[in-house]
Amino acid sequence: MRIAVENVTKRFGALAAVSDVSLSVGEGEMFTLLGPSGCGKTTLLRLLAGFYNADEGEIRFGDRVVNDVPPHERGIGMVFQNYALWPHMTVSENISYGLKLRKVSSSDAAVRVKEVLARVGLTGLGGRYPGQLSGGQQQRVALARALVLNPQMLLLDEPLSNLDAKIRVQVRSEIRKLQKELGITAVYVTHDQEEALAMSDRIAVFNLGRVCQVGPPKALYERPANRFVADFIGINNLVEGTVRSAEGAVLQAETAFGVLSAIHDATLRAGDRCVICVRPENIALNGQSGGERNHFRGRISFAAYLGNTLRYDVDLGAGVTFKTDVGDPWDHEQIPMGTTVELSCAVGSTLAIPAG
């Protein structure tokens, strides 16, 4: 089922929680709404579900305008953040509750519940109560309850936020595999950038009720369109500057650390304010060369061992600190605090974006 949102606005009093939002979701796509708390992503999901009515704009499922269609007639399955399971009902009873409301026969319901329990890896647990399950199992029950209705689309509102880190990674992989196997259109809400990058076909980044950028995970990570997206997704080192020249795919920008070269999307011109973006994994410590590179000098001010990475904070002066990563630091001897180091990054992994 395709989804189209056109110029949709939702206000709560004077606050526009969603402001003139337009986007489309392709059939069978895992589409994620990503942004900080209060950015409007959950409000938009509830507009899709029919829990809120849009003040302006149009929402279409396929060729059908659904602005005035009640939730139970929209063909959706909803998975909530808090699971919303009935504690006095068994797993099977929770899953079959929607089928009962739709007057599906008990024999047919039993077959469908058994099938969906197997699909989400809960075979044999139908007779248990939610309180007897782990958080990850409860989330699978909530997912099964949505899928047993054979919905045309799946809406998921931060479904993993109550799980611990290891279980969250496991369950998100299961949800993604299941969504691909079923070929179902899914809209997923999260504030977790890693989760969004790992699960999505495309992501819409939200801030203050508006869409900042839409694209595949790789495009958003490597080519953010503006400062908010560059700063919000992952870790980025940002330096303000002024474009000195912009000919071809590479420009030169004047910064507090001299002239830096960076790739850009051809919208920047000489004299424009810009922001230079460099990811920590693209910065080399002490002596790497080869190809065109930008160079910095600073002092180690902090180090954090993260297991597969050692991350340094390097004070460059002028109030700017760069983070730089040493991947697979097994044989790396940690550099003492206060040591002066040389940093460099390839021009091809240095991005310039508009400052606005």
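1. A crossing of two helices is termed right-handed if the near helix is turned clockwise from the far one by less than a right angle, and left-handed if the turn is anticlockwise. In this predicted model, helix 2 passes helix 3 in a right-handed crossing. The axes of the two helices come within 10 Å and cross at roughly 120°. Angles of 65 to 115 degrees count as roughly perpendicular and those over 145 as roughly antiparallel; helix 2 and helix 3 are therefore oblique to each other.

2. The contact between these helices can be assigned to particular residues. On the side of helix 2, Val-91, Ser-92, Ile-95, Ser-96 and Leu-99 take part, and they meet Ala-109, Arg-112, Val-113, Val-116 and Leu-117 of helix 3. An α-helix has 3.6 residues a turn, so residues three or four places apart point the same way.

3. Ile-95 also belongs to the largest nonpolar core, which has 34 residues. Ile-95 is listed there among the residues with the most contacts inside the core, together with Val-79, Val-141, Leu-143, Leu-154, Leu-156 and Ile-175. Two or more residues each are supplied by helix 2 (91-101), helix 3 (106-119), helix 4 (135-147), strand 7 (153-157), helix 5 (165-182) and strand 8 (185-190). Helix 4 gives the most, with six residues.

4. Leaving aside residues up to four places away in sequence, Leu-143 touches Val-79, Val-120, Leu-154, Leu-156, Ile-175 and Leu-178.

5. Is helix 1 (residues 41-49) largely enclosed or left open by the rest of the structure? Seven of its nine residues are buried, so helix 1 is largely enclosed. The buried residues are Lys-41, Thr-43, Leu-44, Leu-45, Leu-47, Leu-48 and Ala-49. Gly-50 follows helix 1 and has a positive phi, near 95°.

6. A further region to examine is an open sheet of five strands in the order 15-19-16-17-18, with antiparallel pairing. Strand 15 (283-285) and strand 18 (320-327) stand at the edges; each has a single partner strand, so one side of each is left without a neighbour in the sheet. Neighbouring strands are turned by 45° against each other on average, direction ignored.

7. Within this sheet, strand 17 (residues 309-317) runs antiparallel to strand 18, and eight bridges join the two. Strands of a sheet pair through backbone hydrogen bonds, either parallel or antiparallel.

Technical notes: Residues numbered from 1 in each chain as written. Predicted model: local features only at pLDDT ≥ 70, side-chain atom pairs only at ≥ 80, totals over all residues. Heavy atoms only, no water. Pairing = 2+ DSSP bridges. Helix = DSSP H or I, 4+ residues; strand = E, 2+ residues; numbered from the N terminus. Axes fitted to C-alpha atoms, helices over the stretch in contact; angles between N-to-C directions. Core = buried A, V, L, I, M, F, W, Y, C linked by side-chain atoms within 4.5 Å. Buried < 20%, exposed > 50% of the residue type's maximum accessible area, 1.4 Å probe, protein only. Contact = heavy atoms within 4.5 Å. Parallel < 35°, antiparallel > 145°, perpendicular 65-115°, else oblique.
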